[in-house]
Amino acid sequence: MKTFVFVLCTLISSLLINAQETQGATITVTIDNIVNDEGKVIIALHSSETFMRGEGIMSQESTITDGKVEFTFEGVPAGTYAIMALHDANSNNRMDYEANGMPKESYGMSGNEMTMGPPNFEMAKFNVTNEDLEFNIRF
């Protein structure tokens, strides 16, 4: 009987350990070229449905130290995503624009494409599998 209980406990423990390992990937994002430490950086993980349409699937914000911030998204399920980041210099929780429609505040996205016009999901997308990812986003 003791052997049976021991084997059963070992089996359950190994199943729980394996289940914890497959709960999603970790994505680490570093931004290290912020022009000043004013305000904060807001970052969000987006699907194609949420990109440029408000809050992402996961979002975070951080103060800036020496022109640098680092974020970690944990437990990200497999899929196709994009990351957008904004230097909210005046901490009003939104992008501010010039009279001509150009952004007043710095922003960046995964893929680091900076073309004319608004960002699009196709330029910023990446695939998440079961492996952890690291990005360095430029403003």
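Which residues line the largest cavity? The views below are taken from a predicted model, in which local features need pLDDT of at least 70, side-chain atom pairs count only at pLDDT 80 or more, and totals for chains, interfaces and linings use all residues. Residues are numbered from 1 along each chain as its sequence is written, and side-chain values use heavy atoms, with hydrogens and water left out.

**View 1. The largest cavity and its lining.** Tyr107, Met109, Glu113, Met114, Thr115, Gly117, Pro118, Pro119 and Met123 line this cavity, which holds about 40 Å³ of space. A cavity is a set of points on a 1 Å grid over the protein atoms alone where a 1.4 Å probe fits but cannot get out; lining residues have an atom within 4 Å of a point. The count of cavities of 30 Å³ or more is one.

**View 2. The surroundings of Glu105.** Glu105 lies in the loop between strand S5 (79-88) and strand S6 (107-109), strands being DSSP runs (E, at least two residues) numbered from the N terminus. The residue is buried (under 20% relative accessible area, 1.4 Å probe, protein chains only). Beyond its neighbours within four places in sequence, Glu105 is in contact (heavy atoms within 4.5 Å) with residues including Leu86, His87, Asn90 and Met95.

**View 3. The side chain of Glu105.** A polar atom of this side chain lies 3.0 Å from the backbone nitrogen of Ala89, and the side chain also reaches the backbone nitrogen of Asp96 at 3.1 Å. Glu105 has no salt bridge (a side-chain nitrogen of Lys or Arg within 4 Å of a carboxyl oxygen of Asp or Glu); Arg94, the nearest side chain of opposite charge, is 7.1 Å away.

Note on methods: Helices (H or I, at least four residues) and strands (E, at least two) are DSSP runs, numbered from the N terminus. Buried means under 20% relative accessible area, exposed over 50%, partly exposed in between (1.4 Å probe, protein chains only). Lys and Arg count as positive and Asp and Glu as negative; His and the chain ends are not counted. A polar contact is a pair of N or O atoms within 3.5 Å; within protein, one must be able to donate a hydrogen and the other to accept it, and residues adjacent in sequence count only if both atoms are side-chain atoms. On a 1 Å grid over the protein atoms alone, a cavity is a set of points where a 1.4 Å probe fits but cannot get out, and a pocket is an open set with protein on both sides within 12 Å along at least five of seven lines; lining residues have an atom within 4 Å of a point. Grid points are joined across faces, edges and corners, and a volume is the space filled by probe spheres set on the points.
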